[in-house]
Amino acid sequence: MIADPVVTRFAPSPTGYLHLGHVRSALEGWRAARASRGRFLLRLEDIDQTRCRDEYAAAILDDLVWLGLSWDGPVRKQSEHLDDYRRALRRLAEMGVLYPCFCTRREIRDEVARAGGAPHGLSGSPYPGTCRDLDPRQRAEKLSSGADYAMRLDLGRALALTGAVEWVEEGEDGPLRKLADPTPLGDVVLSRKDVPTSYHLAVTVDDAIQGVTLVTRGEDLAMATHVHRLLQTLLGLPTPRYRHHELVTDTAGRRLSKRDRALTIRSLRESGMGPAEIIARAVAAARPGGASGALDPVPPQSSGR
Ligand SMILES: [Zn+2]
């Protein structure tokens, strides 16, 4: 039971229509905010301009209003706040915990995509640290040659500065202390040449600027919390509490995907389903065995951010 008013947020990417998994996530934050007479905020994570579309952004807002999951205050669009991320990057650079990585765009793009979207936030092994070990002369040569590069967090240096970092997980049976261990994620990318941020940095900065006190999101993103806590500590930002909730899955136990059109709120609305029915379905589907027979098999992918 949470006594103080809590500030929560729902932070989808406008790369598709909302599905039941998003509703589950939005509901978690909305309920926590409303139950405590706090605030429920909406953020659009639209940094990846190649994948985000205005029509999806509009549809997300429209679906939430229709579902009765109204938010408080203005919508924060990440693409409108790039200076906030640049400022945070500069601070980290001054602390000496960043280094340029000259690996190919494709390698980096794939890794960044995995950070916000893979099961458990982890897929494949972390970056091996190739560019961390460049000698200063090699690095200067590459920089002056105009080579494309991304900025990575030097995890070893960062951890040496912060020491052990914890967070409070609001579990089913009450609060639990968790020790952050970002090691499995390695030296994550914090910015690219064309985009002055990444999922990890933007989320960390935004949660602080928006005054979020309880981060609610799917358990597929629990791994990201380890690195977010580290970034918060480096940047001297307040620490929210966290609640990583169960994911909505199909009958085979696989998480829902934005590509699964049959389960978008849009298509459920068109099929005549009402808001209460959709919300009930999202809640039931997140319980093990709860949606037996109700949901069709879909390819595995992350839901929510
Ligand atoms: Zn590299």
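Four bridges connect strand β4 to strand β5 (residues 150–153), and the two strands run antiparallel. The model is predicted: local features require pLDDT of at least 70 and side-chain atom pairs count only at pLDDT 80 or more, while totals for chains, interfaces and linings use all residues. Residues are numbered from 1 along each chain as its sequence is written. Helices (H or I, at least four residues) and strands (E, at least two) are DSSP runs, numbered from the N terminus.

**Sheet**
- An open sheet of three strands has the order β4-β5-β8, with antiparallel pairing; two strands pair if DSSP finds at least two bridges between them.
- β4 (98–101) and β8 (189–191) are the edge strands, each pairing on one side only.
- On average, neighbouring strands of this sheet are turned by 45 degrees against each other, direction ignored.
- Cysteine 101 is positioned opposite alanine 150 in β5.

**Helix over the sheet**
- Across β4, β5 and β8 lies helix α3 (residues 82–94), which runs at about 125 degrees to β8.
- Axes are lines fitted to C-alpha atoms, for helices over the stretch in contact, and angles run from 0 to 180 degrees between N-to-C directions.

**Helix pair α1 and α10**
- Helix α1 (residues 20–35) and helix α10 (residues 275–285) have axes that come within 9 Å and cross at roughly 90 degrees.
- The helices α1 and α10 are therefore roughly perpendicular (65 to 115 degrees).
- Leu20, Val23, Arg24 and Leu27 in α1 meet Ile278, Ile279, Arg281, Ala282, Val283 and Ala285 in α10; contact requires C-beta atoms, placed from the backbone, to lie within 7 Å.
- The residues of this contact comprise eight nonpolar, no polar and two charged, where Ala, Val, Leu, Ile, Met, Phe, Trp, Tyr, Cys and Pro count as nonpolar, Asp, Glu, Lys and Arg as charged, and the others, Gly among them, as polar.

Definitions and conventions:
Angles under 35 degrees count as roughly parallel, over 145 as roughly antiparallel, 65 to 115 as roughly perpendicular and the rest as oblique. Two residues are in contact if their C-beta atoms, placed from the backbone, lie within 7 Å.
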